Amino acid sequence: MTELHIELLGGLRIRTAAGREIRLVSRKAQALIGCLALEPGVPQSRDVLAGLLWEDSDPELARASLRQALTSLRRGLPPSCAAALQGDAGTVALDATLAGSDVAQFRALIRDGSPGALARAVERHAGVLLDGLDARSPAFEQWLIERRGELRRLLLGAAERMAAQCTAVGDDAGAIAALERLVATEPSNERAQRDLMEALARQGR
């Protein structure tokens, strides 16, 4: 059972399975769990994480700071959730059986690829990844820009596929929902603008 749910889109929010909200005071701890929650179950290199969050520090000091942030993170989690944070000498990860995130769910829905899954993916992508989080690290900011771009491309692709699938079966309402999201995300997409107008016209709008 998932003990920890982490929302990354629209800002960082952490809740237990019982609905209790967990607040982390440390910006570094927030950024750290944000990195890990993008892909629960995938080990992340300690050296890479230390470089992202403490790029101006000596490598040994950066690794020491990472250890301190992990300790702070463990202390900030309830006992039932602490086991979700795993690590060894070289890596750190969130146990995917104990922790999940909205981004992980978004990616899983896109991999599913069915019309219903794509509709849920498009609907659930709400807000900017880790909006408002300032880890005070240029390397982390650059990493965050790249991850935001990656998720935006996934959203656009999902909306395009959903619109095409709905149009193919005559579901104009579904196509309109997908195309409206596509146009809102990428206003310069003239093809999507045209397809949206055509779908609206078919519904007498």
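Which residue of E3 stands opposite arginine 15? The model examined here is predicted, so that local features were required to have pLDDT of at least 70 and side-chain atom pairs counted only at pLDDT 80 or more, whereas totals for chains, interfaces and linings use all residues. Residues are numbered from 1 along each chain as its sequence is written, and side-chain values use heavy atoms, with hydrogens and water left out.

The residue opposite arginine 15 is glutamate 21 in E3. Strands (E, at least two residues) and helices (H or I, at least four) are DSSP runs numbered from the N terminus, and two strands are taken to pair if DSSP finds at least two bridges between them. Strand E2 (residues 13–16) pairs with E3 in the antiparallel sense over two bridges. Both strands belong to an open sheet of four strands with mixed pairing, in the order E3-E2-E1-E7, whose edge strands, E3 (21–22) and E7 (99–101), each pair on one side only.

Further pairing involves strand E6 (residues 91–94), which runs antiparallel to strand E4 (residues 44–45) and is joined to E4 by two bridges; here glutamine 44 has valine 92 as its bridge partner. Strand E5 (residues 85–87) also pairs with E6 in the antiparallel sense, over three bridges, with leucine 85 partnered by leucine 94, and a hairpin of three residues joins E5 to E6.

Among the helices, H1 (residues 27–37) and H3 (residues 59–76) pack at an angle of about 85 degrees with their axes 9 Å apart, the axes being lines fitted to C-alpha atoms over the stretch in contact and the angles running from 0 to 180 degrees between N-to-C directions. H1 and H3 are therefore roughly perpendicular to each other, a term that covers angles of 65 to 115 degrees. Ala29, Leu32 and Ile33 in H1 meet Leu66, Ala69, Leu70, Ser72 and Leu73 in H3, where contact means heavy atoms within 4.5 Å. By class, this contact has seven nonpolar, one polar and no charged residues, with Ala, Val, Leu, Ile, Met, Phe, Trp, Tyr, Cys and Pro counted as nonpolar, Asp, Glu, Lys and Arg as charged, and the others, Gly among them, as polar.

The pocket is lined by 14 residues, of which Glu160, Ala163, Leu179, Arg191 and Asp195 lie nearest its centre; lining residues have an atom within 4 Å of a point. Helices H7 (138–168), H8 (172–185) and H9 (190–202) each supply at least two lining residues, and the largest share, six residues, comes from H9.

Terms used. Angles under 35 degrees count as roughly parallel, over 145 as roughly antiparallel, 65 to 115 as roughly perpendicular and the rest as oblique. On a 1 Å grid over the protein atoms alone, a cavity is a set of points where a 1.4 Å probe fits but cannot get out, and a pocket is an open set with protein on both sides within 12 Å along at least five of seven lines; lining residues have an atom within 4 Å of a point.
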